[in-house]
2 protein chains.
Amino acid sequence: MSVLIVGSTALDSIKTPKAENPRLLGGSASHASVAASFFSPTKLIGVVGEDFPKKYLALYKKHGIDVAGLQILPGKTFHWSGEYEVNMNNRRTLLTELGVFESFTPVLPTAHQGTPFVLLANIAPALQHHVLDQVKRPKFVVADTMDLWLNIALNDLVSLLKRIDGFVLNDGEAHQLTKEDNVFAALKKIHKMGPKYVIIKKGSHGSILSSPQGFFICPAYPLKQVVDPTGAGDSFVGGLMGYLASAKGSIDANLRRAMIYGSVTASFCCEGFGLIRTTKTKRSEIDARVRELEQMTKF
Amino acid sequence: MSVLIVGSTALDSIKTPKAENPRLLGGSASHASVAASFFSPTKLIGVVGEDFPKKYLALYKKHGIDVAGLQILPGKTFHWSGEYEVNMNNRRTLLTELGVFESFTPVLPTAHQGTPFVLLANIAPALQHHVLDQVKRPKFVVADTMDLWLNIALNDLVSLLKRIDGFVLNDGEAHQLTKEDNVFAALKKIHKMGPKYVIIKKGSHGSILSSPQGFFICPAYPLKQVVDPTGAGDSFVGGLMGYLASAKGSIDANLRRAMIYGSVTASFCCEGFGLIRTTKTKRSEIDARVRELEQMTKF
């Protein structure tokens, strides 16, 4: 089955202690769509400006990503610039130029409205709502978010939680949303806000799923070197949704393995700037790391 | 088989945001020995003063811990006092009164010198060396440490690493020892310093084993509430060694499961002040949580 993904489509200028790369393809929808495309047909909903490099459009297409829902508007593409500290855990934003993203209204082509798997990647909750308003009886809807929306659009986010099946956030955001320091206490509170499935991302420490079947402790793939973690969370949830859409059987039967596939896809993302490593990845490499993780977690 | 454990035996006065408990039984050897005692005969090597409460001696004995190597000297028992911050991750030491611990020289009763499993729990590396000097052809030796020894006894610790099979430290200490931010890069460097098996503890994020068989990613048992994490790392390594000593087969065949048992034993430690919850724990409760962790990591 196919996956519909809405989110940001951006140019990222990223600085790490070791290197600097300007205007790479970035944004939550770009990372999530490329990740999902390894597993299932993927439809991207987003907006870029007339300055958006043709090579990036070609890159989407090379991954078989349907860009019928990608608007190309007069003006500039969303541009984000950020810098990582030595340990690659903390980053600060240097610059945010919204460009055409400022007035983005996602519009779903008619052919996209029946897509069974819907990923509301990180974007303003109001736009996530707007996409949900346009899809017809989706099978499974997951939303991602970021601290910014907890700060400036909390009400929209809280009402969104009642409309989705799965919610993905990181441990800092879970704390911010629930005021709970303990991840498992936070999970309990988030379920009460709506979603049946809640996944808390913990970066290099992996992630945790809470569902009616209990907890699943999902490992991160061990990396000796992280080149650039930008987009890792988006790759995780994109790979997860792509795998889920490809798998036969129930969501409950497949969700754990989907998280493992998301985790592995995110590991490739971290090994290069922007999408450089991810777009060079072969499905066989992903499968090999999944088998490695199986070995590394058996006892 | 049996386990010999050397470390500190102390009275801990612990303050958390929710409560305060003075003069509880504590110290690395106390926590590790009680944890190991669930699985194997355990021999404790330590020192206390004449003020050491009789009820704590009775508690060791209730757990079947052999205290022939516990010296009772004129003077006061080592007393540590610490306070945890709201999130229970950071603590600060309020007071350290070494007492009889200041001049501690561990002496192994003759009957202890052939113990096959030796745990050098957290204590000055010079004392860990001194215990190793007295044991005869042990089957498996593991050492734990803390940041203090990296600061004030680095040479002793580095020479110890050449004499042991397994080394346990937390992620902050691994960074301090190797200057590597990345855990997996740090592990590689630590192996070069001697130990065949290296375990990095990451608190509520679990732990990682690096061995000739590759990595093992060991989960922490999910706790909705942490009452007091003091001694959790000691309980982890104590449970690990106790389980290993009880298991048939090779170290390599049992080490992963031993870490899981250590992890679960540590989870009980965190659910009460000092050793209060651990000493009320039944083996059947430990086994039940191990089965739960199996369920939570399958995919």
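Reader: Where along chain B does Pro109(B) lie?
Author: In this predicted model, Pro109(B) lies in the loop that runs between β7 (91–97) and β8 (117–120) of chain B.

Reader: Why does Pro109(B) count as exposed?
Author: Let's set the value against the cut-off. Pro109(B) has 12 C-beta neighbours inside 10 Å, so Pro109(B) counts as exposed.

Reader: Which residues is Pro109(B) in contact with, leaving aside its neighbours within four places in sequence?
Author: Those are Ala68(B) and Gly69(B). A contact calls for C-beta atoms within 7 Å. As for Ala68(B), 41 residues separate it from Pro109(B) in sequence, while the two C-alpha atoms are 7.0 Å apart in space.

Reader: What makes you say that the copies meet through the same surface?
Author: Of the interface residues of chain A, 100% are also interface residues in chain B, so the surface is the same for both copies.

Reader: How many residues does the contact take from each chain?
Author: It takes 25 residues from chain A and 25 residues from chain B. On the chain A side, α7 (183–192), β13 (214–218), α9 (251–270) and α10 (283–297) each supply at least two residues. By kind, the chain A side divides into 13 nonpolar, 7 polar and 5 charged residues.

Reader: Which residues have the most contacts inside the largest nonpolar core?
Author: That core has 180 residues, and the ones with the most contacts inside it are Ile5(A), Leu119(A), Met241(A), Ile5(B), Leu119(B) and Met241(B). Not counting residues up to four places away in sequence, Met241(B) touches Val3(B), Ala36(B), Phe117(B), Leu119(B) and Val142(B).

Reader: What confidence scores does the model have?
Author: The model scores ipTM 0.93 and pTM 0.96. For chain A, the mean pLDDT is 97, with 100% of its residues at 70 or more.

Notes: Residues are numbered from 1 along each chain as its sequence is written. Chains are lettered from A and ligands numbered from 1 in the order in which they are written. This is a predicted model: local features need pLDDT of at least 70, side-chain atom pairs count only at pLDDT 80 or more; totals for chains, interfaces and linings use all residues. Two residues are in contact if their C-beta atoms, placed from the backbone, lie within 7 Å. A nonpolar core is a set of buried Ala, Val, Leu, Ile, Met, Phe, Trp, Tyr and Cys residues joined through C-beta atoms within 7 Å. A residue is buried if 20 or more other C-beta atoms lie within 10 Å of its own, exposed if 12 or fewer, and partly exposed in between; C-beta atoms are placed from the backbone. pLDDT is the predictor's confidence in each residue, from 0 to 100. Helices (H or I, at least four residues) and strands (E, at least two) are DSSP runs, numbered from the N terminus. Ala, Val, Leu, Ile, Met, Phe, Trp, Tyr, Cys and Pro count as nonpolar, Asp, Glu, Lys and Arg as charged, and the others, Gly among them, as polar.
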